[in-house]
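Visitor: Hi, I'd like a quick walk through this structure. Could you take my questions as they come?

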Amino acid sequence: MKKIQNLFLLSIIMMACTVNAQDNAGLRLPAGFSATLFANNIGSSRHISITKSGIVFAKLNAPNKEGKAIIRLEDANKDGIADKINGWGNYGGTGIYVRDKNLYASSDQGIFLYQLNDQDEVVNPTTPKVIVKDLIDRRQHSSKSITLDPQGNIYVNIGAYSNACQEKDRMPGSKGMMPCPILDSAGGIWKFDGQKENQVYGDGKRYATGLRNVIGLDWNTQTNSLFVTQHGRDQLNSFYPQYYSDNQNAELPAETMYEVKEGDDCGWPYVYYDPYQKKKILSPEYGGDGKKEGAPNALNPTMSFPAHMAPMSLLFYKGTQFPERYQQGAFIAFHGSWNRAPLPQEGYFVAFVPYKNGKPSGEWEIFANGFAGTEIVTNPRLAKARPCGLAEGPDGSLYVCDDNKGAIFKISFNK
Amino acid sequence: MKYLIQCCFIGLLSFSAQKATAQNMANGKKIYETRCLVCHQADGGGVPNMNAPLDGASNVVGNDIARLVKIIRNGYNERVALDGYYYSNAMTANPDLKDADIADVLSYIRNSWTNKASKITLAQVQKVKKK
């Protein structure tokens, strides 16, 4: 009898465990929120975008096993799990953005426009319009993220193909170039017409500069302005051990979010942002020593985050499903660090920043965590999932995609 | 007879040259930790899509030693698939690293984690011309 009782207890415990493991698809969320694993293993998904009918489109970093790099996911029976998945497109990339029946996708060199039909199926999978072409792609920071303003202009990030604009990139002791010639064609946000075909640099406009590598960007309809998240520079300690210890490198410089207006300069490569001194510090490649300030005219960030966590996607929440404090606030998907080593890596989560009237009304906080599937990530390849893209569904649910194996999580509030 | 002894001696030398000594490994490790670990990580696993893994990489344990030496000296920034994957970061050059140190760090990455391969000798590094 005792044995049976024990067995019974054991099976209850086991059931509880399995239920727990499935619970919220392994994510840790604030009270009242729940998550489902909307899709898994679709291929390294960078960004996602969702139609008014709830169709999810994902842009893959490279074609998946079936040779597709744009994936359409539909949840026909509305159980929170995609049941109809197909795709097209044979080029890798990051950006995807859907507005009405226009679906934009980016490669590392250009932007393409697809047409959707009434069912939000693609009409011209092999013959998209080429909207922008011949953008700089020199491997480093080559991914192009895109967003639209209400008028339909398209904003694209062109990352700097350099760490700190040294004469020789990442070469110890090599000086920073003055002025940095990279900024003519990269290291900023460019603006293009959303409909005109075959645009090149000359047809667009450098909208904001001094941004090393932006991957998250979103148009805030409250402030009617563009917000971007920048990846700060690497390797302060390996190049300048006289000024920076391993521990300082692990915390410097901050990852930053800016509200940018036309013509703004965010300071790269001349300065980086130090979140402890709350100052723009002159880069050591330009004569800095960890204390001297620089670039007085460059913007200050509207929010800063711990170093190296790699903000991959930014989304201002427009819905009403989430409680009031989340409304109009910013969600940021963090990829997780790689260059805090030898210290443990950090930041494999989705963060939230509360906003009121277009200004942060509090500090950032972790919103969803547990993507890595392990408490301490000593090495990035051990992380199961790395948050990369964010999108809001028509019902106000938040979708998060991962560019490791390609999981998509759907997070909802249940009251 | 003299020839035979010489032959034997050379044979022995080249045989003993196959395995990295504890000293090679210790020096290689030191260099790895200060110059390479930040990107390739403590477990040699690299960073997906960004920094190539060294652990289990066919080129790292392979026979194209000149290529490995050039990568360490000059850095590496090419659009090539490594074991089927592409990596987007640019690897730092190490122009100030002595040939003996290059030999040791290569011996170290060829014999760490799950990797097992012959050691790289100073002579092998010296044979590769600087550009």
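Guide: Happy to, and let's start with one pair of residues: A:Arg99 has A:Asn102 as its bridge partner in β7(A). Please keep in mind that this is a predicted model.

Visitor: What about the open sheet with 5 strands in chain A, in what order do they come?

Guide: That order is β10-β11-β12-β13-β17, and the pairing is mixed. At the edges stand β10 (146-148) and β17 (264-265) of chain A, each with a single partner strand, so each has one side without a neighbour in the sheet. Further in, β11 (residues 154-158) and β12 (residues 188-192) of chain A run antiparallel and are joined by 5 bridges. One example is A:Asn157, whose bridge partner in β12(A) is A:Ile189.

Visitor: Which residues is A:Thr147 in contact with?

Guide: Leaving out neighbours within four places in sequence, A:Thr147 is in contact with A:Tyr97, A:Asn153, A:Ile154, A:Tyr155, A:Leu217, A:Asp218, A:Trp219 and A:Leu226.

Visitor: Changing topic: where does A:Ser44 lie?

Guide: A:Ser44 is in the loop between β1 (33-39) and β2 (45-50) of chain A.

Visitor: Buried or exposed?

Guide: A:Ser44 counts as buried, because its relative accessibility is 14% and the cut-off for buried is under 20%.

Visitor: What does A:Ser44 touch?

Guide: Not counting residues up to four places away in sequence, A:Ser44 touches A:Lys59, A:Leu60, A:Asn61, A:Asp402, A:Asp403, A:Asn404 and A:Lys405, plus B:Asn49 from chain B. As for A:Asn86, which is 42 residues apart from A:Ser44 along the chain, the two C-alpha atoms are separated by 15 Å.

Visitor: And β2(A), how many of its residues are buried?

Guide: 6 of its 6 residues are buried, so β2(A) is mostly covered. β2(A) pairs with strand β3 (residues 56-60) of chain A in the antiparallel sense, over 5 bridges. Within that pairing, A:Ile50 stands opposite A:Val56 in β3(A).

Visitor: How many residues are between the strands of that hairpin?

Guide: The hairpin of β2(A) and β3(A) has 5 residues between the strands, and A:Gly54 there takes a positive phi near 95°.

Visitor: Over to chain B, then. What does its secondary structure come to?

Guide: Chain B has 5 helices and 0 strands. From the N terminus, its elements run α-α-α-α-α. Chain B has 131 residues, of which 46% count as buried. Among its contacts with a separation of 6 or more, 61% are between residues 24 or more positions apart.

Visitor: At what angle do α3 and α4 of chain B cross?

Guide: Roughly 115°: the axes of α3 (residues 65-74) and α4 (residues 99-110) of chain B come within 10 Å. The two helices are therefore roughly perpendicular to each other, and their crossing is right-handed.

Visitor: Which residues meet at that contact?

Guide: From α3(B) there are B:Ile65, B:Leu68, B:Val69, B:Ile72 and B:Arg73, and from α4(B) there are B:Asp99, B:Ile102, B:Val105, B:Leu106 and B:Arg110. These divide into 7 nonpolar, no polar and 3 charged.

Visitor: Why would residues three or four places apart point the same way?

Guide: An α-helix has 3.6 residues a turn, so residues with that spacing point the same way.

Visitor: Last one: which residues of α3(B) are buried?

Guide: The buried ones are B:Ile65, B:Leu68, B:Val69, B:Ile71, B:Ile72 and B:Arg73. Their cover includes α4 and α5 (122-127) of chain B. Just after α3(B), B:Gly75 takes a positive phi of about 80°.

Note on methods: Residues numbered from 1 in each chain as written. Chains lettered and ligands numbered in written order. Predicted model: local features only at pLDDT ≥ 70, side-chain atom pairs only at ≥ 80, totals over all residues. Heavy atoms only, no water. Axes fitted to C-alpha atoms, helices over the stretch in contact; angles between N-to-C directions. Helix = DSSP H or I, 4+ residues; strand = E, 2+ residues; numbered from the N terminus. Parallel < 35°, antiparallel > 145°, perpendicular 65-115°, else oblique. Left-handed = near helix turned anticlockwise from the far one by under 90°. Contact = heavy atoms within 4.5 Å. Nonpolar A, V, L, I, M, F, W, Y, C, P; charged D, E, K, R; others polar. Pairing = 2+ DSSP bridges. Buried < 20%, exposed > 50% of the residue type's maximum accessible area, 1.4 Å probe, protein only.
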